[in-house]
Amino acid sequence: MLEKDRISYFYDVNLGEDCPVFDNLFEFCQIYAGGTLDAARRLNHKSCDIAINWAGGLHHAKKCEASGFCYINDLVLGILELLKYHARVLYIDIDVHHGDGVEEAFYFTDRVMTVSFHKYGDLFFPGTGAIKDIGEREGKYYAINIPLKDGIDDASFTRLFKTIIAKVVETYLPGAIVLQCGADSLARDRLGCFNLSIEGHAECVKFVKKFNIPLLVTGGGGYTKENVARCWAVETGVLLDTELPNEIPNNDYIEYFAPDYTLKVANLNMDNLNSKTYLSSIKVQVMESLRSIQHAPGVQMQEVPPDFYIPDFDEDELDPDERVDQHTQDKQIHRDDEYYEGDNDNDHDDGTR
Ligand SMILES: [Zn+2]
């Protein structure tokens with residue numbers, strides 16, 4: 001293909017400059033999106049109460065457009081799967097960028113509330129997520145945006161996060177929560193501009209876990225990769241109620257963690273441009289918006305679509321250290337949902353769950 005034809009082809013398929021095509025792109029999308037879908041399925045079937053997919057959380061992808069390193073929006077697919085069993089799903093996003101793809105997908109519905117904490121202004125990507133954007137039609141008041149400025153620190157961020165999320169959960173009464181833990185909100189991120197420590201970031205995860213509501217946790221952005229690994233390791237510990245030792249044990253990647261070889265990293269000495277007055281005005285506006293939806297909305301009973309697939313084996317019983325090649329794995333998965341005649345056949349029940 002000529003270079004000019006190649007460029008025009010990529011524009012036709014809506015792959016812009018920050019979404020390059022690379023070898024095995026489709027398989028990459030299958031792996032991370034499949035992980036989030038499987039996490040949702042396990043929560044729906046109560047085979048776990050918390051499911052983690054650090055490979056997922058690609059919140060910028062739109063239905064017809066790849067955007068911001070995101071090709072397929074696994075979060076939207078995961079939430080749609082959760083909606084087959086839960087009347088209301090709460091989506092929380094602590095990536096430094098606005099969770100625009102997820103917000104857009106559910107902007108007109110009250111069955112998903114999206115809450116995004118992000119840097120806003122100075123033409124920061126993706127440019128959306130103003131406080132006045134609150135959803136439309138049935139979705140009015142069900143999108144919440146918390147636009148922040150550079151340098152927000154642990155104390156201001158966690159205080160605002162806890163106040164808002166506590167009120168959201170109390171008001172909305174979600175059946176499941178999806179938490180996007182983008183690590184580009186950490187201090188020293190190559191693209192970010194916040195000043196959160198790993199402890200501050202993890203404090204938000206700990207707070208959400210305490211509600212004991214089925215929880216799907218994903219990764220997201222993060223561009224200082226050794227800190228991304230540190231952050232999600234600590235948060236895996238938080239979700240498993242396990243405190244990890246600060247010293248990183250020897251492993252193949254240990255040199256990435258030089259010179260300290262520790263899990264925790266110090267904050268930066270950086271100005272917090274979010275004044276107390278600014279943060280308090282944001283809090284007041286969000287609380288005002290939440291007052292408009294005092295009662296959690298109901299959902300009409302309707303036919304529940306089938307699960308995205310029904311595996312005939314339990315992956316938990318497999319040896320996690322043994323690699324099964326893709327072809328064998330594919331053969332183990334039934335793809336006959338539409339004709340399924342087992343206990344989960346929706347053709348015969350009244351669709352109430
Ligand atoms: Zn991001």
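The following legends describe several close-up views of a predicted model.

Local features are reported for pLDDT of at least 70 and side-chain atom pairs count only at pLDDT 80 or more, while totals for chains, interfaces and linings use all residues. Residue numbers start from 1 along each chain as its sequence is written.

**View 1. Overall composition of the chain.** The secondary structure comprises 9 helices and 8 strands; these are DSSP runs numbered from the N terminus, with helices being H or I of at least four residues and strands E of at least two. Of the 353 residues in the chain, 36% count as buried, a residue being buried if 20 or more other C-beta atoms, placed from the backbone, lie within 10 Å of its own. Among contacts with a separation of 6 or more, 74% join residues 24 or more positions apart; two residues are in contact if their C-beta atoms, placed from the backbone, lie within 7 Å.

**View 2. Packing of helix α5 (residues 154-172) with helix α6 (residues 198-209).** Two packed helices are described by the angle between their axes and the distance between the axes. The axes of α5 and α6 are 9 Å apart, and the helices pack at an angle of about 15 degrees. This makes α5 roughly parallel to α6, as angles under 35 degrees count as roughly parallel. Axes are lines fitted to C-alpha atoms, for helices over the stretch in contact, and angles run from 0 to 180 degrees between N-to-C directions. The crossing of α5 past α6 is right-handed, that is, the near helix is turned clockwise from the far one by less than a right angle. From α5, Asp154, Phe157, Thr158, Phe161, Lys162 and Ile165 meet Glu199, Gly200, Glu203, Cys204, Phe207 and Val208 of α6. This contact of α5 with α6 has 6 nonpolar, 2 polar and 4 charged residues; Ala, Val, Leu, Ile, Met, Phe, Trp, Tyr, Cys and Pro count as nonpolar, Asp, Glu, Lys and Arg as charged, and the others, Gly among them, as polar.

**View 3. Packing of α5 with helix α8 (residues 276-291).** The axes of α5 and α8 come within 11 Å and cross at roughly 5 degrees. The two helices, α5 and α8, are therefore roughly parallel to each other. Ser156, Leu160, Thr163, Ile164, Lys167, Val168 and Thr171 in α5 meet Leu279, Lys283, Val286, Met287 and Leu290 in α8. By class, the residues of the contact of α5 with α8 are 7 nonpolar, 3 polar and 2 charged.

**View 4. Positions listed by UniProt as "binding site".** The unreviewed UniProt entry lists Asp95, His97 and Asp184 under this feature; such annotations may be inferred rather than shown by experiment. Although spread over 90 residues of sequence, these positions cluster in space, the largest C-alpha distance being 8.1 Å. His97 lies in the loop between β2 (89-93) and α4 (100-105) and counts as buried, with 27 C-beta neighbours inside 10 Å. Not counting residues up to four places away in sequence, His97 touches Gly68, His118, Phe125, Pro126, Gly182, Asp184 and Gly221. Asp184 occupies the loop between β5 (176-180) and α6 and is buried, with 25 other C-beta atoms within 10 Å. Beyond four places in sequence, the contacts of Asp184 include Asp95, His97, Asp189, Gly221 and Tyr223.

View 5. Val178 counts as buried, with 30 C-beta neighbours inside 10 Å. Leaving aside neighbours within four places in sequence, Val178 is in contact with Leu75, Gly78, Ile79, Val89, Tyr91 and Leu216. Val76 is 102 residues from Val178 in sequence and 10.0 Å from Val178 in space, C-alpha to C-alpha.

Terms used: Angles under 35 degrees count as roughly parallel, over 145 as roughly antiparallel, 65 to 115 as roughly perpendicular and the rest as oblique. A residue is buried if 20 or more other C-beta atoms lie within 10 Å of its own, exposed if 12 or fewer, and partly exposed in between; C-beta atoms are placed from the backbone.
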